[in-house]
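Please look over the sequence and the structure shown below before reading on. The report then moves from the chain as a whole to its core and to one pair of helices.

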Amino acid sequence: SGFNSIGHMDTMSRGRRQIGHYKEGEEFIQNVFHVLSQIFTGKEKANLAICWLQYEISKVIQCLQAKKKKKLKAQGRKSKKLAKNFLKAPDNRNNLSLWKLYAYLEWLLGNTDDSRKVFDTALCTAGTGGLKSAQLCSLSLLYAQLEVELLESIEGAVKSRAVHILTKLTENGPYVPYSGQVLPVNVLKARKTYEHALQDYLSKTPVSDQDQVNDTDQLVNLVGCYALFQYLTVGIDAAVLIYTQASEKLEVSGSQKCENTGENFGILNFPTALEAVTLLHTNLLRFHMKISVYPLNPLREALTEALKRYPSNQSLWRSYIHIQRKSHSASKARRFFDSVTRSTNSLEPWLFAIQAEQMRKKLTEKVQRADVGEIHCTIPETGLTNRIVALFEHAVQSGNGTHCPLLWRMYLNFMV
């Protein structure tokens with residue numbers, strides 16, 4: 001076609017084939033990583049390793065979504081080799097973030113037992129920081145979340161591996177791998193510990209900017225662990241209550257900081273914490289709806305509130321589109337997209353509004369073209385086409401839209 005995209009643009013499909021990673025683009029990215037890894041030292045080098053591994057994981061996820069088994073096998077081998085090489089380096093042996101990514105990679109590749117071994121090893125070597133260690137909390141949270149996704153129902157979850165992980169985190173002692181039971185007395189103690197730890201963090205005032213950044217990360221992980229623990233041991237309402245308390249407190253802290261200092265000091269980190277807590281909240285509601293009967297409204301309300309505040313958060317938009325596909329009335333979603341695009345310069349609301357309409361068009365055409373005996377219905381759905389073109393027109397006229405290659409390519413692709 002005369003040009004190659006660097007990396008990937010997975011929003012467009014060319015015929016039946018998804019546009020994946022181009023050879024030249026992939027080579028370029030690998031060269032950048034190789035060159036940088038020779039230049040960097042110390043903390044920068046460790047951060048680069050984390051970015052590199054995250055990039056490899058994104059390719060594994062892409063293979064999983066496209067259901068390409070052969071490619072997944074080859075990609076998995078390459079990614080695992082890279083991860084193991086990173087962890088062999090003396091500087092990285094105690095880097096919990098790298099251990100976490102390696103364990104996650106094994107999990108994605110379907111090697112659940114190997115992944116558990118990696119998680120357990122990392123937790124055993126991590127020491128006894130408990131709830132005070134941000135990395136330990138983050139590692140335990142991911143491990144518990146992955147275990148929870150294997151559950152088919154919330155009944156009897158108190159005895160699950162996830163509860164064991166979250167309980168051990170509060171004990172400040174060395175980690176002991178799951179042996180098939182969780183003592184009720186340990187669950188009660190853990191709940192008290194979580195409660196006190198959360199109260200301490202919410203009433204704490206950070207001394208410096210750096211403290212605030214660290215505390216913010218730590219608070220998000222703590223809220224995630226505590227809410228998941230409550231979800232498994234008490235139920236969904238108890239978990240939602242914790243997210244609500246944390247969000248209210250973070251909102252107050254953010255606004256107070258602005259008033260006190262008269263500058264954006266507080267705004268730097270608190271919205272990121274609030275955004276992360278909101279994301280955990282909506283993801284848990286989505287999961288709960290998948291495994292049990294629960295009304296859609298709490299999730300819809302949480303998402304609309306969050307998106308008004310963070311119009312450029314792609315994960316929230318994906319969840320919003322996902323739940324809107326289930327409703328037969330498009331007018332509510334259209335009104336919401338319209339109100340958000342008016343109040344923000346972000347391009348994401350436009351892109352997702354277009355995607356939502358394109359999905360609706362695909363669905364309508366699929367239904368209309370269904371064979372009904374001898375009759376083949378081929379009436380084109382012009383209303384939706386005109387609507388999508390109008391959305392594209394408005395989007396490319398907006399400040400950011402004019403300079404967005406992806407938007408123009410999507411527009412050309414649609415017109416073709």
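Two residues are in contact when they have heavy atoms within 4.5 Å of each other. In this predicted model, 58% of the contacts between residues at least 6 apart in sequence join residues that are at least 24 apart. The chain has 416 residues, of which 45% count as buried, and its secondary structure comes to 17 helices and 2 strands.

The largest nonpolar core holds 112 residues, and those that touch the most other members are Y194, L228, Y231, L232 and L407. Helix α9, which covers residues 209-233, supplies the largest share of this core with 11 residues. When its neighbours within four places in sequence are left aside, Y231 is in contact with I154, I236, A239, L284, F287, H288 and I291.

Another part of the picture is the packing of two helices, α4 and α5. Two packed helices are described by the angle between their axes and the distance between the axes. Here the angle is about 165 degrees and the axes lie 7 Å apart. Because angles over 145 degrees count as roughly antiparallel, α4 is roughly antiparallel to α5, and the crossing of the two is left-handed. The table lists the residues through which α4 and α5 meet.

| Helix | Span | Residues in the contact |
|---|---|---|
| α4 | residues 96-108 | L96, W99, Y102, A103, Y104, E106, W107 |
| α5 | residues 112-125 | T112, D114, S115, R116, V118, F119, A122 |

By class, this contact of α4 with α5 has 9 nonpolar, 2 polar and 3 charged residues.

Terms used
Residues are numbered from 1 along each chain as its sequence is written. This is a predicted model: local features need pLDDT of at least 70, side-chain atom pairs count only at pLDDT 80 or more; totals for chains, interfaces and linings use all residues. Side-chain values use heavy atoms; hydrogens and water are left out. A nonpolar core is a set of buried Ala, Val, Leu, Ile, Met, Phe, Trp, Tyr and Cys residues joined through side-chain atoms within 4.5 Å. Buried means under 20% relative accessible area, exposed over 50%, partly exposed in between (1.4 Å probe, protein chains only). Helices (H or I, at least four residues) and strands (E, at least two) are DSSP runs, numbered from the N terminus. Axes are lines fitted to C-alpha atoms, for helices over the stretch in contact, and angles run from 0 to 180 degrees between N-to-C directions. Angles under 35 degrees count as roughly parallel, over 145 as roughly antiparallel, 65 to 115 as roughly perpendicular and the rest as oblique. A crossing is left-handed if the near helix is turned anticlockwise from the far one by less than a right angle, and right-handed if clockwise. Ala, Val, Leu, Ile, Met, Phe, Trp, Tyr, Cys and Pro count as nonpolar, Asp, Glu, Lys and Arg as charged, and the others, Gly among them, as polar.
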